[in-house]
Amino acid sequence: MGNIYVVNGSQLSKYSSEGKQVCNFSDSSLGNISSIDVSDPLRILLFYRDFNQIIYLNNKLSNIGSEIDLYDFSDNETEFVCNSQKGGFWMYNSIEKQATHIANNGKIAAQTILLGSFFDEAEVTKLFEHNSYLYLLYENKGILQLDQNDQFVRKIPFQDIQDFQLIGNRIYYQNKTGIHIYHTLNQSDQLIHTKEDSSMAIIRCNKDRIFIKNENSISIKIISF
């Protein structure tokens with residue numbers, strides 16, 4: 001829908017595609033927000049790692065239901081969570097080295113293969129589902145792709161990768177140099193934007209735009225390639 005979501009501590013702010021703030025949400029009783037998943041803008045997932053809980057918000061950033069305690073599904077602390085297009089959500093921790101799918105009924109629906117050996121000495125830093133594939137980001141190493149049966153499809157090495165997102169059949173990923181597009185069909189890699197500052201906080205790409213987080217606002221840059 002073109003909206004941008006920005007986390008600052010315990011607060012989540014929603015901006016329009018023009019960079020204007022639309023609404024915000026905050027619940028300091030749960031601590032700081034560790035991550036969000038807005039792949040379904042009508043059911044936004046917020047993960048609070050310190051409390052090992054998630055909550056859901058609607059498109060107005062109002063609560064849907066109550067908190068979900070992730071200790072109900074594992075004795076270990078969850079490190080990463082994402083929405084599932086099958087319903088429910090995925091959760092991952094580095095002790096079990098598996099991603100677990102929790103269905104809408106609160107039951108464990110599936111578990112992936114063991115995920116610890118695909119990238120040597122690299123930790124998972126992001127979990128995301130797209131077009132029925134599950135993707136895991138391994139810090140500075142690359143991306144692992146699993147199919148709808150939770151089995152290995154491929155691993156894609158990206159040196160110094162920091163973050164990524166998926167648009168269609170393209171992977172937009174960031175490293176210290178800038179933003180790249182990896183075309184999954186022909187496996188080509190294209191640098192589309194060079195960072196002026198390696199610490200630049202790029203929070204989202206949207207085809208021909210990048211959104212940069214400033215102290216109290218969002219800047220938009222148009223890119224051509």
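Guide: Strand 14, residues 142–146, pairs with strand 15 in the antiparallel sense over five bridges. Strands here are DSSP runs of E with at least two residues, as helices are runs of H or I with at least four, and both are numbered from the N terminus. Two strands count as paired if DSSP finds at least two bridges between them.

The model is predicted, so local features need pLDDT of at least 70 and side-chain atom pairs count only at pLDDT 80 or more, while totals for chains, interfaces and linings use all residues. Residues are numbered from 1 along each chain as its sequence is written, and side-chain values use heavy atoms, with hydrogens and water left out.

Now the rings. Six aromatic pairs are found in the whole structure. Rings of Phe, Tyr and Trp (its six-membered ring) pair if their centres lie within 6.5 Å; planes under 30 degrees apart are stacked, over 60 edge-to-face, and the rest tilted. One of these pairs is Phe119 with Tyr138, which is tilted because the planes stand at 40°, with the ring centres 4.9 Å apart. Phe119 lies in the loop between strand 11 (108–111) and strand 12, and Tyr138 in strand 13 (residues 133–138), so this pair links distant parts of the chain, 19 residues apart. Phe119 and Tyr138 are both buried; buried means under 20% relative accessible area, exposed over 50%, and partly exposed in between (1.4 Å probe, protein chains only).

Lysines also sit by the rings. Lys155 lies over the face of Phe119, at 5.0 Å from the ring centre. A charge counts as over a ring if NZ of Lys or CZ of Arg is within 6 Å of the ring centre and within 35 degrees of the ring normal. Lys126 lies in this way over the face of Phe164, at 4.9 Å from the ring centre.
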